[in-house]
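Trainee: Please take me closely through one part of this model. Then place that part against the rest of the chain.

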Amino acid sequence: MADFSEVKDKDGKVCGLWISDPKDANDPVYLAVLMMRLGVPQDACARVMAGGGRVVANTVDNKGGCFVMFDSAPPADSPNADCSNCRTKAFSTSEFEQECEKAGFVKDAASGSFKMKVGGLAGFGNSVFSQLANQQESQQATFNKIENQRGYRCRSCRAVYCMKCLYASAPAHSRGGKACPKCGDTFEHLE
Ligand SMILES: [Zn+2]
Ligand SMILES: [Zn+2]
């Protein structure tokens with residue numbers, strides 16, 4: 001019998017198994033016996049038996065083998081998510097803020113929204129006004145471009161979309177906002 005150990009989540013609950021032999025990790029009979037012996041809750045057993053578990057190679061340490069995780073969710077939300085539609089990189093909230101700052105926007109502490117920094121112009125009368133207008137216009141365009149790439153994640157199926165694709169092609173949700181093209185649920189910001 002292969003070596004194994006329990007994987008516990010931060011609350012100390014068993015949320016998966018480490019198994020030294022990948023062959024065993026993919027063997028439902030082996031898993032069923034092992035989970036029964038360890039007293040893994042029925043619903044988690046059933047999920048794994050139904051193919052809902054995740055088998056991931058162990059890259060955490062050099063013990064080798066692999067993990068069988070009981071949840072079917074993808075591993076911790078990846079910050080490098082791409083839009084499911086156009087495949088461009090979708091910005092998480094922190095990446096979005098970094099991009100805004102790189103482009104010279106400042107975050108308004110009170111409202112949390114980004115403001116344009118305008119100025120640095122010298123001149124007289126109309127020439128300053130028109131330069132200022134141009135500057136605002138191009139900054140608005142820059143901001144729109146960054147915002148279009150901001151990522152949203154579906155609350156149910158976890159699909160990621162960029163804002164541009166959601167606005168262009170996602171149906172409206174009855175509770176407001178956009179509905180997931182895959183499952184119909186609502187979105188949250190990609191964190
Ligand atoms: Zn997209
Ligand atoms: Zn969805």
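Mentor: Ground rules come before the close look. This is a predicted model, where local features need pLDDT of at least 70, side-chain atom pairs count only at pLDDT 80 or more, and totals for chains, interfaces and linings use all residues. Residues are numbered from 1 along each chain as its sequence is written, while chains are lettered from A and ligands numbered from 1 in the order in which they are written.

The protein chain carries six helices and nine strands. Both are DSSP runs, numbered from the N terminus: helices are H or I with at least four residues, strands are E with at least two.

Now the part to look at: the sheet β8-β7-β9. It is open, has three strands, and pairs antiparallel. Two strands pair here if DSSP finds at least two bridges between them. β8 (160-162) and β9 (187-189) are the edge strands, each pairing on one side only. Neighbouring strands are turned by 35° against each other on average, direction ignored. Such angles come from axes, which are lines fitted to C-alpha atoms, for helices over the stretch in contact; they run from 0 to 180 degrees between N-to-C directions.

Look at β7, residues 151-154. Three bridges join it to β8, and the two strands run antiparallel. G151 has C162 of β8 as its bridge partner.

The loop between β7 and β8 holds R158. Its phi is near 70°, a positive value in a residue other than glycine. R158 counts as partly exposed, because 16 other C-beta atoms lie within 10 Å. The scale is this: buried means 20 or more other C-beta atoms within 10 Å of the residue's own, exposed means 12 or fewer, partly exposed is in between, and C-beta atoms are placed from the backbone.

Next, Y152. Leaving out residues up to four places away in sequence, Y152 touches Y161, M163, L166, F187, E188, H189 and L190. A contact needs the two C-beta atoms, placed from the backbone, to lie within 7 Å.

Y152 also belongs to the largest nonpolar core, which has 19 residues. A nonpolar core is a set of buried Ala, Val, Leu, Ile, Met, Phe, Trp, Tyr and Cys residues joined through C-beta atoms within 7 Å. The members that touch the most others are C83, A90, Y152, V160, Y161, C162 and L166. Two or more residues come from each of α4 (93-102), β7, β8 and α6 (163-169). In soluble globular proteins, nonpolar side chains tend to be buried together.

There is a second, separate core of 14 residues, with W18, A25, L31 and M35 among them. Helix α2 (residues 28-38) and helix α3 (residues 42-49) have axes that come within 10 Å and cross at roughly 175°. So α2 is roughly antiparallel to α3. For reference, angles under 35 degrees count as roughly parallel, over 145 as roughly antiparallel, 65 to 115 as roughly perpendicular, and the rest as oblique. α2 contributes P28, L31, A32 and M35, and α3 contributes C45, V48 and M49. These contact residues split into seven nonpolar, no polar and no charged. Nonpolar covers Ala, Val, Leu, Ile, Met, Phe, Trp, Tyr, Cys and Pro; charged covers Asp, Glu, Lys and Arg; the others, Gly among them, are polar.

The chain has another open sheet, of four strands. Its order is β1-β2-β4-β3, with antiparallel pairing. The edges are β1 (4-8) and β3 (54-57), each pairing on one side only. Its twist averages 25° from one strand to the next. Five bridges join β1 to β2 (residues 14-19), and the two run antiparallel. In β2, L17 stands opposite E6, and I19 stands opposite F4. Five residues lie between the strands of this hairpin, where G12 takes a positive phi near 85°.

Two loop residues remain. R87 sits between β4 (66-69) and α4. Its phi is near 65°, positive in a residue other than glycine. R87 counts as exposed because it has 10 C-beta neighbours inside 10 Å. S113 lies in the loop between β5 (106-107) and β6 (114-115). S113 is exposed, since 9 other C-beta atoms lie within 10 Å. From S113 to E97 is 16 residues in sequence and 9.7 Å in space, C-alpha to C-alpha.

Last, the whole chain. Of its 191 residues, 21% count as buried. Among contacts between residues at least 6 apart in sequence, 47% join residues at least 24 apart.
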